Amino acid sequence: MRDEQRYEEAREALAGAQSVVVFTGAGISAESGVPTYRGAGGLWRNYQAEDLATLEAFRRSPDLVWEWYAERRRTMAACHPNRAHLALAKLEERLGNGFLLITQNIDDLHRRAGSRRIVELHGNVFRTVCSQCSYALEGLEEKPPEDTTCPRCGGRLRPGVVWFGEALDGTLLDQAFSASARCEALICVGSSLLVQPAASIPEVALRAGADVIEVNAEPTWLTQEARWSFQEPAGEVLPAIVGAV
Ligand code: BV8
Ligand code: ZN
């Protein structure tokens, strides 16, 4: 049963905020059909992602890792943005430079929903880069490269994502942390908040006194600290709190 008053309060807090950061995880894409990493139907149970989403796995069996990413490209390309993604694109239209979307997701659904002010902390599954030099395929490719040899240096081409044990892009991380430290409100959507350093983003906003709103199907460490926490599907909650912007 929706608690109308909590929705109203969260809606008002958002409507009055000039600077809003939104932090998303796999849960925002669950209703689009993209498997999450944990929870029911989780990706990790089937594929042991932490075994495959690593540089060691890629060095040991590059073809197997490419096969796994090729399958994830096919799955994600066949999914569509849902009402939660679309609500965030509308919020960005209203706030302009006062808005920043920080995502852990690699599925490109925020961009396909119309969001533009996006920080992809963990890369993008459709991007192909060289593991040795700065060569990167222009644009986003659904099809994995036929030939995974870098045309510039002969190194091996890999998916443009951040693997476990790999450092995140320092510039993106600084941008994400500084926006979270300055914003008036942060909405945290669809994340179990377990993977670091990304999972510290909502904490930075909390410490800086922002209004933190959590939207997640299950409780997390943030649930007790957030000003509002909604444990309903993101596709229901986000259109309701972002309002008819
Ligand atoms: C780093 C791209 C250091 C790849 C990803 C031990 C060994 C090795 C490393 C570590 C270790 N201990 C800690 C670490 C660090 C590690 C880490 O945090 N591990 C965790 C598991 C403990 N982190 C790293 O390795 C990072 N790098 O630390 O480098 C370093 C520093 C300097 C120099 C060198 C090295 C890199 C982490 C990035 C890994 N890459 N993705 C790929 O996907 O193939 S992470 C990947 O998993 C995602 O990007 C995301 O970040 C994470 C999954 O989390 P969520 O998005 O939260 O998804 P999840 O399924 O967990 O939760 C979904 C939630 O949604 C659920 O709560 C569910 O209830 C909810 N939900 C479901 N449906 C809905 C919903 N909510 C609302 N509506 C719905 N409809
Ligand atoms: Zn190269």
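This is a predicted model: local features need pLDDT of at least 70, side-chain atom pairs count only at pLDDT 80 or more; totals for chains, interfaces and linings use all residues.

**Loops first**

I started at proline 197, which sits in the loop between β6 and α9 (201-207). Helices here are DSSP runs of H or I with at least four residues, strands are runs of E with at least two, and both are numbered from the N terminus. The bond joining glutamine 196 to proline 197 is a cis peptide, with omega at about 0 degrees.

Residues are numbered from 1 along each chain as its sequence is written, chains are lettered from A and ligands numbered from 1 in the order in which they are written, and side-chain values use heavy atoms, with hydrogens and water left out.

Leucine 193 is found in the loop between β6 and α9 too. I noted its positive phi of about 55 degrees, although leucine 193 is not a glycine. Is leucine 193 buried or exposed? It is buried, at 3% relative accessible area. For the record, buried means under 20% relative accessible area, exposed means over 50%, and partly exposed is in between (1.4 Å probe, protein chains only).

Aspartate 108 belongs to the loop between β2 and α7. Its phi is near 70 degrees, again positive in a residue other than glycine. Aspartate 108 is buried, with a relative accessible area of 6%.

**The whole chain**

Next I zoomed out. I count on the assignment here: 10 helices and eight strands in the protein chain. The C-alpha atoms fill a box of roughly 60 × 35 × 30 Å along the principal axes. The radius of gyration is 18 Å, which agrees with the value near 18 Å for a compact globule of 245 residues. That radius is taken over C-alpha atoms, and the globule rule is 2.2 Å times the number of residues to the power 0.38.

Of the 245 residues, 51% count as buried. The chain exposes about 11400 Å², and carbon and sulfur atoms supply 49% of that. These areas come from the Shrake-Rupley method with a 1.4 Å probe; for residues, only the protein chains shown count as cover. I also looked at contacts (heavy atoms within 4.5 Å). Among those between residues at least 6 apart in sequence, 66% join residues at least 24 apart.

Proline 202 is in helix α9, and it is buried, with a relative accessible area of 0%. Setting aside neighbours within four places in sequence, I found proline 202 touching Phe23, Leu186, Cys188, Leu193, Val212, Trp221 and Leu222.

Serine 180 is in helix α8 (residues 170-182). Serine 180 also has a relative accessible area of 0%, so it counts as buried. What does the side chain of serine 180 reach? It reaches the backbone oxygen of alanine 176, at 2.7 Å. Not counting residues up to four places away, serine 180 touches Val21, Ile102, Leu186, Ile201, Val204 and Ala205.

**Helix α6**

Helix α6 (residues 83-95) has 13 residues and reaches 18 Å from first C-alpha to last, close to the expected 18 Å. The expected span is 1.5 Å times one less than the number of residues. At the N-terminal end, asparagine 82 is the cap: a side-chain oxygen lies 2.7 Å from the backbone nitrogen of alanine 84. Just after α6, glycine 96 has a positive phi of about 60 degrees.

The buried residues of α6 are Ala84, His85, Ala87, Leu88, Ala89, Leu91, Glu92 and Leu95. Their cover includes β1 (20-24), β2 (99-103), α7 (109-112), β6 (185-189) and α10 (234-242).

**Ligand 1**

Which residues come nearest to ligand 1? Of the 34 around it (a heavy atom within 4 Å), they are Tyr37, Arg38, Tyr69, Arg72 and Ser192. A polar side-chain atom of tyrosine 37 lies 2.5 Å from an oxygen atom of ligand 1. A backbone N or O atom of alanine 234 is 2.9 Å from a ligand nitrogen atom. The protein covers 73% of the 1500 Å² of accessible area that ligand 1 has on its own.

Terms used: A polar contact is a pair of N or O atoms within 3.5 Å; within protein, one must be able to donate a hydrogen and the other to accept it, and residues adjacent in sequence count only if both atoms are side-chain atoms.
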